[in-house]
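Please look over the sequence and the 3D structure shown here. The briefing below goes through charged pairs, helix packing and some backbone features.

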Amino acid sequence: MTTAADAADSRDVRRLADWDADRLRSLAGEYGTPLYVQDLDRVRANYERVAGAFPDADVLYAVKANAGGAVLDALRAAGAGAECASAGEVSRALDAGFEPSEIHYTAVNPPARDLDYVLDAAPEATFVVGARDTVDRLDERGFDGRLALRVHPGVGAGHSDEVATGADAKFGVPHDEAVAVLADAVDRGFDVVGVHAHAGSGILDADDLAAHREVLDRIAAVARSAPADLEFVDVGGGLGVPYRPEEPALDLGAVADAVRTALADVNADLVLEPGRYLVADAGVLLTEVNTVKPTDGPTLAGVDAGMTDLLRPALYDARHEVRSLAPGADARASDSVSVVGPVCESTDVLAADRDLPAPERGDLLAVGNAGAYGVEMASNYNSRPRPAVVALDGGDDRLAREREPLAALTRLER
Ligand SMILES: *Cc1c(COP(=O)(O)O)cnc(C)c1O
């Protein structure tokens with residue numbers, strides 16, 4: 001990007017205010033709105049910070065945060081592996097040039113179609129299983145390759161209950177059964193290579209880190225009693241980013257210290273799987289105001305992006321910063337504004353009750369930290385075509401994903 005953003009790339013976090021307004025306006029003019037802008041230089045800078053804080057770790061990118069080919073390509077070239085949650089993600093990772101051996105497939109209640117696809121397309125991948133049943137299904141298919149066990153630590157960290165997966169029995173084998181399941185897998189001839197625990201998403205402050213330490217202690221205990229020499233202990237993702245401007249950035253060094261301390265006497269390599277941290281602050285969603293409606297409460301700014309473009313506010317009550325990019329907006333009176341989308345659902349609110357320059361029709365707004373779990377969760381509900389994505393790369397921009405045409409909505413109908 002430009003000078004302000006370049007400076008931000010050496011920082012722990014890029015704030016919405018750091019993005020160059022002229023540049024974003026010109027991108028919106030060229031590509032239209034709603035538009036995701038994903039800055040690959042910032043993605044690389046984020047990866048380098050993680051790799052620097054954990055110099056001995058293998059860093060796998062959690063593809064579900066943003067599976068766009070441009071992002072996958074940038075992270076593969078930077079040295080990351082890929083953590084995939086589905087056959088579709090494995091397929092996209094292979095397309096982006098990841099070697100099967102660089103892929104971990106986290107099989108959560110894997111559909112047979114997914115298992116069969118991954119066994120066929122990437123048999124050298126590491127299969128991370130979270131249930132005895134999944135071990136059985138791999139055994140039935142004659143697989144005796146790389147297997148890691150996902151442990152459900154029974155404690156969790158994270159930014160909301162919905163995503164504090166460490167505390168959810170859906171994910172992983174209970175920690176007190178893990179050693180028995182590992183022993184069984186060894187007996188059955190699998191190449192048992194590791195243990196895994198993902199604490200949930202959004203470790204940011206000291207409380208989150210304290211909860212994360214409990215997860216680390218549990219996984220370390222399992223690793224110490226493992227019935228095989230483990231190649232790695234995978235501590236999952238969950239590195240958080242500040243969604244509010246006043247929140248400080250994550251102290252990566254403190255997380256690294258906690259991991260080092262917990263795993264000090266565990267003789268295995270460290271694996272991390274950050275998703276959000278690598279891509280969130282590298283992306284914004286641009287949207288245009290098309291309707292201004294005064295109410296008894298906040299003024300409503302109706303925009304052309306909604307929950308079908310960015311689902312997190314409706315799904316998790318997630319908070320995303322909004323900034324007006326309208327020229328001269330700073331000189332306008334400020335107003336209490338709710339930014340609402342075009343979808344016929346009352347939850348279609350991108351931001352509620354914010355202090356913003358009084359909106360006018362035609363204003364361009366930027367929604368911050370939209371690079372993670374943004375375009376990935378886009379849907380066609382209300383028959384809304386999914387938005388375009390533009391990638392910024394070394395000062396250039398290119399269309400990374402076309403805006404879906406209306407014709408795409410019926411393409412698969414018979
Ligand atoms: C979602 C997920 C991640 C990434 O989580 P972030 O919070 O985006 O870092 C990593 N590992 C697993 C198993 C996940 O499900």
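The points that follow are grouped by topic.

This is a predicted model, in which local features need pLDDT of at least 70 and side-chain atom pairs count only at pLDDT 80 or more, while totals for chains, interfaces and linings use all residues. Residues are numbered from 1 along each chain as its sequence is written, and side-chain values use heavy atoms, with hydrogens and water left out. Helices (H or I, at least four residues) and strands (E, at least two) are DSSP runs numbered from the N terminus.

**Salt bridges**

- Side chains of opposite charge can pair when their charged atoms come close.
- A salt bridge here is a side-chain nitrogen of Lys or Arg within 4 Å of a carboxyl oxygen of Asp or Glu, and the count by this rule is 21 salt bridges.
- One of them joins Asp-397 and Arg-23, whose closest N and O atoms are 3.5 Å apart.
- Asp-397 sits in strand S18 (residues 396–401) and Arg-23 in helix H2 (residues 21–31), so this pair ties together parts that are 374 residues apart in sequence.
- Burial is read from relative accessible area: under 20% is buried, over 50% is exposed, and anything in between is partly exposed (1.4 Å probe, protein chains only).
- Asp-397 has a relative accessible area of 28% and is therefore partly exposed, whereas Arg-23, with 14%, is buried.
- Asp-116 and Arg-141 also form a salt bridge, at 2.6 Å from N to O.
- That pair links distant parts of the chain, 25 residues apart: Asp-116 is in helix H6 (residues 112–121), and Arg-141 is in the loop between helix H7 (132–140) and strand S6 (146–152).
- Asp-116 counts as partly exposed because its relative accessibility is 39%, and Arg-141 counts as partly exposed because its relative accessibility is 31%.
- A salt bridge between Arg-384 and Asp-309 has an N to O distance of 2.6 Å.
- Arg-384 lies in the loop between strand S16 (364–367) and strand S17 (388–393), and Asp-309 in the loop between strand S12 (299–303) and helix H12 (312–316), so that the pair links distant parts of the chain, 75 residues apart.
- Arg-384 and Asp-309 are both buried.

**A buried charge without a salt bridge**

- Glu-83 belongs to strand S3 (residues 81–84).
- Glu-83 is buried and has no salt bridge; Lys-64, the nearest side chain of opposite charge, is 5.1 Å away.
- For charge, Lys and Arg count as positive and Asp and Glu as negative, while His and the chain ends are not counted.
- Contact means heavy atoms within 4.5 Å.
- Leaving out residues up to four places away in sequence, Glu-83 touches Leu-60, Tyr-61, Ala-62, Val-63, Glu-89, His-104, Thr-106 and Glu-273.

**Packing around helix H3**

- Axes are lines fitted to C-alpha atoms, for helices over the stretch in contact, and angles run from 0 to 180 degrees between N-to-C directions.
- Helix H3 (residues 40–53) packs against helix H10 (residues 252–262) at an angle of about 40°, with the axes 9 Å apart.
- That angle makes H3 oblique to H10; angles under 35 degrees count as roughly parallel, over 145 as roughly antiparallel, 65 to 115 as roughly perpendicular and the rest as oblique.
- Arg-49, Val-50 and Ala-53 in H3 meet Leu-252, Ala-256 and Arg-260 in H10.
- H3 and helix H4 (residues 69–78) pack at about 40°, with axes 10 Å apart.
- This makes H3 oblique to H4.
- On the H3 side the contact is made by Leu-40, Val-43, Arg-44, Tyr-47 and Glu-48, and on the H4 side by Ala-70, Val-71, Ala-74, Leu-75 and Ala-78.

**Backbone features**

- The peptide bond from Thr-33 to Pro-34 is cis, with omega near -10°, and Pro-34 lies in the loop between H2 and strand S1 (35–39).
- Asp-317 is not a glycine but has a positive phi of about 60°.
- Asp-317 is in the loop between H12 and strand S13 (322–324) and is exposed, with a relative accessible area of 70%.
- Asn-382, also not a glycine, has a positive phi of about 65°.
- Asn-382 is located in the loop between S16 and S17 and is partly exposed, with a relative accessible area of 31%.
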